[in-house]
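I opened my notebook to go through this structure piece by piece. These are my entries, in the order I looked things up.

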Number of protein chains: 2
Amino acid sequence: MQIAVLLYEGFTGLDVVGPYEILSRMPGAEVVFTAVQAGPVRTDMASLALTADRPLSEVTSPDMLVVPGGPGTEQVLADTAVLDWLRAADAGTTWTTSVCSGSLLLAAAGLLRGRRAASHWIALEHLPLFGAVPSTDRVVFDGKYATAAGVSAGIDLALHLAGRIAGDAVAEAIQLVVEYDPEPPYAVGSVAAAPPDLVASLRSTQLAVLPR
Amino acid sequence: MQIAVLLYEGFTGLDVVGPYEILSRMPGAEVVFTAVQAGPVRTDMASLALTADRPLSEVTSPDMLVVPGGPGTEQVLADTAVLDWLRAADAGTTWTTSVCSGSLLLAAAGLLRGRRAASHWIALEHLPLFGAVPSTDRVVFDGKYATAAGVSAGIDLALHLAGRIAGDAVAEAIQLVVEYDPEPPYAVGSVAAAPPDLVASLRSTQLAVLPR
C-alpha cells in the first residue's frame, strides 16, 4: 500500500508527522513524501524542513493520499498543477485524507462536493465555498474521504484509518508503541472547550496556521 | 531563547515534531535542528527525513535541549562525540529535555544521576544502568531536566514547558491552535491501560522503537 504525503512550503509539520508515525507502522505500508519538486520543504515555522523524496510527477497512483494544512494552503489553493495532481491521484486511491486546512485543498480540487469534512476550526467556515459540508467532529469519514480537525487531530485520524485498513489489533499495537495515552495539561484544546475570548482572540489574529 | 533539537539516524519523527510544533510557537523561540553533520537525517521508519540545518559544532550554547528517542538511540549511546556535545550543551541550558528513549542518551551522558526520568515504557528498565530513577509518569520534571514517556508524550511535555516558560495563557493558546483535544480511538495507549498480552508481545519484539 503506497501512501503519498503531499508537502508544500508552509505546511504544518505535525499535520504530516502525526499520521506518518501511525500509518508507516502498518504492515505493508510504503510512505512517500512528495512535492512539486523533490528536496527539502519548509514548514510554516521555517526552522523545520522535511524531505520530499519524489516529485509529484513520479507519484501517479498512490493507494492513499495524506494532505496536510498550514498557512501555505493559501498559495496551493491557487496552484492548478497541485490541484490537478490531487484530482488525478485521487482517481485511483482507496483512501483520500487530510489534516487541518488540508481539507480546503481537497475541496478546492473538487473532491469533497456534498461531502462532510473536518478542518482546523478557523478554516471550517471556508469549506462551503467549495461545496463541502463542514463538521466540527475531530475525525470525519465520508466514503473514502477521511478528514481531521486541526494539527494534532491527524494522530486520531490515522489510528482510525489503521484500524479500518489493518484491523483493530494492529492499530492498538501501534497506539501502544507510540504510547498515545494523552494527558493535555489544559482543557482548552477545542472551540467547544476553550473560553470564548481565547477563541475570538485567535480567530482575529489567525496566528500562523491558516490561509488568511 | 534558542532551542536545539538533536537529530540522529534512526530517531523517531513524532518525538521531535510533537514538541517542535508547540515550542516553536512560543514568542521569542528560535528552534535549530542539529546533527553531527548538517543535512537530511532519516527517521527510524526510513521514508521520512528531517533537515539538520547546523552541525553540532555550531550549536554550542542553546537555552534548551530537546533529545528524541528511537531505535537509533542504540548507536548514539556509543557515540562519545554526541555524548560530549550533550554534556557541554547542557552546561549552559535552562531546560534539558527528552522524549521517549532520548532519556537514555541524557542518562548515558551522565546528566540524570539520581534524578527521576520518564522514557518509552520498553526503555524504562535501562535507565538505572546510568544512575537515573525510572518513573512511569508521562511527563517528569526534576530540576531543569524534563523527560517524557514514549513518542506522543512529547506533545504533553512541550505544553507543560510552554506553560512554565511563557505562561499558562500562551500555552493554552498554543494548545487551541494545534487543536489538542485528543480522542484516542482505543484505550490501550499505556502499559497500565493495555491488555497484558499485548504489552508482553510488544516487549518481546520491541518493534522498531528502541535500542535492542
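**Entry: a helix on the sheet of chain B.** I started with α5(B), which lies across β6, β7, β10 and β11 of chain B. I looked up its direction too: α5(B) runs at about 40° to β10(B). A reminder to myself before I go on: this is a predicted model.

**Entry: the sheet itself.** Which order do the strands of chain B take? I read off β5-β2-β1-β6-β7-β11-β10, seven strands in an open sheet with mixed pairing. Then I checked the edges. β5 (54–55) and β10 (139–142) of chain B stand there, and each has a single partner strand, so one side of each has no neighbour in the sheet.

Entry: I wanted to know how β10(B) is held to its partner. Four bridges join β10(B) to β11 (residues 145–148) of chain B, and the two run antiparallel. One facing pair I noted is Asp142(B), which stands opposite Tyr145(B).

**Entry: a hairpin in chain B.** I turned to β3(B) and β4(B), which pair in the antiparallel sense over four bridges. Pro40(B) has Thr51(B) in β4(B) as its bridge partner. Between the two strands of the hairpin sit six residues. I also wrote down that Ala46(B) in this hairpin takes a positive phi near 70°.

**Entry: helix against helix.** Back to α5, residues 153–166 of chain B. At what angle does helix α5 pack with helix α6 of chain B? I found about 145°, with the axes 6 Å apart; α6 covers residues 168–177. On the α5(B) side I wrote down Leu159(B), Ala162(B), Gly163(B) and Ala166(B). On the α6(B) side the contact uses Asp168(B), Val170(B), Ala171(B), Ile174(B) and Gln175(B). I sorted the residues of this contact by type and got six nonpolar, two polar and one charged.

Entry: How much area do chain B and chain A bury between them? My note says about 5500 Å², with 61% of it on carbon and sulfur atoms. On the chain B side, Leu176(B), Glu179(B) and Tyr186(B) lose the most area to chain A, together 15% of what that side buries. Each chain's share of residues went into the notebook too: 63 from chain B and 63 from chain A.

Entry: I looked up four salt bridges between chain B and chain A. One I traced joins Asp44(B) to Arg25(A), where the closest N and O atoms are 3.1 Å apart.

**Entry: which parts of chain B touch chain A.** Several elements each give two or more residues: α1 (13–23), β2 (30–35), β3 (39–42), β4 (49–52), α5, α6 and α7 (196–205) of chain B. The largest share, seven residues, comes from α6(B). By type, I have 35 nonpolar, 16 polar and twelve charged residues on this side.

**Entry: over to chain A.** I looked up the sheet here as well: seven strands, open, in the order β5-β2-β1-β6-β7-β11-β10, with mixed pairing. The edge strands of chain A are β5 (54–55) and β10 (139–142), each pairing on one side only. Antiparallel β10(A) and β11 (residues 145–148) of chain A are joined by four bridges, and Val139(A) has Ala148(A) as its partner. Last, I noted that α5 (residues 153–166) of chain A lies across β6, β7, β10 and β11 of chain A, at about 40° to β10(A).

How values were computed:
Residues numbered from 1 in each chain as written. Chains lettered and ligands numbered in written order. Predicted model: local features only at pLDDT ≥ 70, side-chain atom pairs only at ≥ 80, totals over all residues. Heavy atoms only, no water. Axes fitted to C-alpha atoms, helices over the stretch in contact; angles between N-to-C directions. Contact = heavy atoms within 4.5 Å. Nonpolar A, V, L, I, M, F, W, Y, C, P; charged D, E, K, R; others polar. Buried area = accessible area lost by both parts, 1.4 Å probe. Salt bridge = Lys/Arg side-chain N within 4 Å of Asp/Glu carboxyl O. Pairing = 2+ DSSP bridges.
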